[in-house]
Amino acid sequence: MGLQQFWDERYSQPGYAYGTAPNVFFRQQIDKLTPGRLLMPAEGEGRNGVYAAQRGWQVDAFDISEKGREKALRLAQQAGVSMRYWVGDLDSLSFPESHYDAIGLIFAHFPASRRRVYHQRLVQLLKPGGRIILEGFSKAHLTYQQRNPAVGGPQDEKVLFSKRELTEDFQGLQLEFLGECEVTLQEGIYHVGQGKVIRLVALKPLP
C-alpha cells in the first residue's frame, strides 16, 4: 500500500484519527507568537491549523491525502475559520520563499530519502525572524511502540528523528529549543500512551 492510500484509508474512518484538539507542544509554542502567516505541512485532518486560525493566524496547509483535506476543511468550517489547503507534497507544490512567520511540523515524518531536502526547502519558505516548530517521534520511540502499539508512529527507524539529524537539516537556523523527552499522548485513537519525541523550535536569523 502506498503512503497516499494509507492516509486516505485512515482519514476515511469515522471521527478524527488524532482528535480535534491541537498537539500540546504546538499549542504552547504558537500561543507565544504574534499571529501572522503559518504553513502546516503534512497537516492531516487539520487539528493544528484550525487551532492556529482560531488564534488569528493566516493558515496554509498541505498533505498527500485528499480525505485529510476534506476533514480539515470541515473542521475549519465548524470552528468558523478558514484555511487554504492543498493536496500534494513539496515536490509537486510551490510556495513563496521568505513568506511564512512560522512553520509547524507536527508528526510530519517525510520519506527518509526526501527528509533533508524537504526540511531545507521549508527553511527557504520561512521569513527572517520566523520560526520552525517541530514535534515528531525519535528513533528511540520504536521501543515504546513494541510495548504499546496504540501509541502509533512510523515503524521505520529511518523515518524517525534524531537530534543530530535535525540539527544538520536545519543548519543556518538558531536553535531556541531542542530536546528529546518521554510524553504521554492522548490524541484521538492512534496516539495513545507513552512515547519518545523530539521537540524543536528554531529561529531564522535576520540578515
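Predicted model: local features only at pLDDT ≥ 70, side-chain atom pairs only at ≥ 80, totals over all residues.
1. Numbering starts from 1 along each chain as its sequence is written, and side-chain values use heavy atoms, with hydrogens and water left out.

2. The protein has seven helices and seven strands (DSSP runs: H or I of at least four residues for helices, E of at least two for strands, numbered from the N terminus). Starting at the N terminus, the order is α-α-β-α-β-α-β-β-α-β-α-α-β-β. The radius of gyration is 16 Å, close to the 17 Å from the globule rule for 207 residues, so the protein is as compact as a globular protein of that length (taken over C-alpha atoms; the rule is 2.2 Å times the number of residues to the power 0.38).

3. Of the 207 residues, 51% are buried, meaning under 20% relative accessible area with a 1.4 Å probe, protein chains only. Among contacts (heavy atoms within 4.5 Å) with a separation of 6 or more, 70% come from residues 24 or more positions apart.

4. Now for helix α1, residues 3-12: its buried residues are D8, R10 and Y11. Down the axis of α1 they fall within an arc of 165°, so they line one face of the helix (the arc uses directions from the helix axis to the C-beta atoms). Their packing partners are β2 (58-63) and α4 (66-79).

Key
Buried < 20%, exposed > 50% of the residue type's maximum accessible area, 1.4 Å probe, protein only.
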